[in-house]
Structure formats: C-alpha cells, structure tokens
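Thanks for coming. I'll take one chain today and go through it piece by piece. Please have a look at it first.

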Amino acid sequence: LKEAIQCFILAIAVRESRNKNLRTSPFYQPHNTMLVHISRFTAWQNTTAKKITTYIEFLEQSLNNDKARQPQSNSIYIELENTWLKYYADIIENISKYLPPGYDDPYLSPIVFSSLIDSLPLSIKDLSVEAINSVTKKSLKYEANKPRKVIAIGGNRLSRGFTLEGLTINYFVRTTNFSDSLLQMGRWFGYRPGYICLLYTSPSPR
C-alpha cells in the first residue's frame, strides 16, 4: 500500500507536467484520485484512512526536509526513484507497446524521474484522505474550478454509480460472483487519455 501511495504521488507529478498541453484538449481532467478498496467493513476503512493520513504526513515532511538534488541513501527521493524504476520507467519510455496497435496518444509524452524532482513536494501538498462510508457520512465532491488530490477509501458506497474523477491508482481487493458487479468495478481500471490507470490487486486463486 505504501508503494501504491508513492506511485500516486509520482502520477500526480507526471500528470501535472503534461497539463500545459492537456489544458486546451477535450480530455483535460484537473483532478487526481486514488482508490483504496480493501473491505466492506467501515471499521477497517476508517482505520485504514487514519494510517494513510499518517503516512502522507510523513511523506510530505520528508519531501520538504530531505535534499532533493543531493539526496542521502535514506532519502525519500531515493525511495521514490526506486519506486519509479520499478513501476513507471519502462512504461513511460515504451508506452507504445502498452497501447493497441495503431493507437497514438499525443499527450503521453516521455518523462524521466529527474524532471519531476522539484515538483514532488507540490504534488503531495493539499492531498486529502477520505473514508467514504455510512459512519463518516462523507461524500466525494469535485468542482471544475477547484482541482482535488484525494485518496478515497471505501467499500459498497464506491462499488456502484460513483465516479472517481482523475482516477490514477487503484489499490483493490475484492471478490464477486456477480458479473454486473464485476463490470461496475471494471470501469475503475484501464486507460484514460493522457495517462494509464495503475491497478494493485491480489493474485487470482488457482
């Protein structure tokens, strides 16, 4: 889950670096959302939200205090670069092999980690963590003129009829025997213009 959160911070930085070109396109999406869907029980969701909030505070403090351009071995910038190399570097440098034959997306520009370093502290700034369930009574609202960066934790309330704007990272553990539920959940995954949605989930049983 920590790696998935790091990927979300990196994804925000990547998308922000592409916004200059995307702002004038019909595909522009100002929001950034991560989905955490691990249990239908509200107690687990609320506990997870607290733990993620603590980790986000640690990351933000580390990004603001560690040296970005001359990092030490235990720096958060070194850790994020390792996460970048593990999950992003090959995809972003070879994006064409991950898209259907003949499909071209002019907004998927190649990016290297060094170009994102200075924007990482800004990428995590004002990032909110929201548990969306019947206990918290919270709802997830997006306004066109107020871009949001949010990690949404939920269960049944997020499984149907709920749009997560700018969905980038899915940390998803759930089984279902119903095809309609599976199709509903499937709308959270896959390709969006200008970026690819990354999915973390448990392996299929054999």
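Among contacts in the chain between residues at least 6 apart in sequence, 73% join residues at least 24 apart; contact here means heavy atoms within 4.5 Å. A word on the source: this is a predicted model, where local features need pLDDT of at least 70 and side-chain atom pairs count only at pLDDT 80 or more, while totals for chains, interfaces and linings use all residues. Residues are numbered from 1 along each chain as its sequence is written, and side-chain values use heavy atoms, with hydrogens and water left out.

Now the overall layout. The chain has 6 helices and 6 strands. Both are DSSP runs numbered from the N terminus, with helices being H or I of at least four residues and strands being E of at least two. Starting at the N terminus, the order is α-β-α-α-α-α-β-β-β-α-β-β. Of the 206 residues, 45% count as buried. Buried is under 20% relative accessible area, exposed is over 50%, and partly exposed is in between, with a 1.4 Å probe and protein chains only.

Let me start with helix α2, residues 42-65. The helix has 24 residues and reaches 35 Å from its first C-alpha to its last, close to the 34 Å expected at 1.5 Å a residue. The expected span is 1.5 Å times one less than the number of residues. Buried residues of α2 include Gln45, Ile52, Tyr55, Ile56 and Leu63. Which elements cover them? The cover includes α1 (2-22), β1 (32-37), α3 (76-87), α5 (120-124), β2 (128-132) and β3 (149-154).

Next, the cores. In soluble globular proteins, nonpolar side chains tend to be buried together. A nonpolar core is a set of buried Ala, Val, Leu, Ile, Met, Phe, Trp, Tyr and Cys residues joined through side-chain atoms within 4.5 Å. The largest one here has 40 residues, and Ile56, Trp84, Tyr88, Leu120, Leu127, Ile151 and Ile169 have the most contacts inside it. Helix α1 gives the most to this core, with 10 residues. Apart from it lies another core, of 12 residues, among them Ile132, Leu167, Phe172 and Cys197.

Tyr88 also touches Cys7, Leu10, Ala11, Thr83, Ile169 and Leu198, leaving out residues up to four places away in sequence.

On to aromatic rings. Rings of Phe, Tyr and Trp (its six-membered ring) pair if their centres lie within 6.5 Å; planes under 30 degrees apart count as stacked, over 60 as edge-to-face, and the rest as tilted. The count comes to 5 aromatic pairs. In one of them, the ring centres of Trp84 and Phe113 are 6.3 Å apart and the planes are at 50 degrees, so the pair is tilted. Trp84 is in helix α3 and Phe113 is in the loop between α4 (89-93) and α5, so the pair ties together parts that are 29 residues apart in sequence. Both Trp84 and Phe113 are buried. Ring pairs link Trp84, Tyr88 and Phe113 into a cluster.

Now strand β2. Is this strand enclosed or open? 5 of its 5 residues are buried, so β2 is largely enclosed by the rest of the structure. β2 and β3 run parallel and are joined by 5 bridges; two strands pair if DSSP finds at least two bridges between them. The bridge partner of Ser128 in β3 is Val150.

Arg148 is in the loop between β2 and β3. Its side chain makes a polar contact with the side chain of Ser128, at 3.1 Å. A polar contact is a pair of N or O atoms within 3.5 Å; within protein, one must be able to donate a hydrogen and the other to accept it, and residues adjacent in sequence count only if both atoms are side-chain atoms. Arg148 and Leu127 are 21 residues apart in sequence and 7.5 Å apart in space, C-alpha to C-alpha.

Last, a backbone detail. Most residues other than glycine have a negative phi. Asp126, in the loop between α5 and β2, has a positive phi, near 65 degrees. Asp126 is exposed, with a relative accessible area of 63%. That's the end of my tour.
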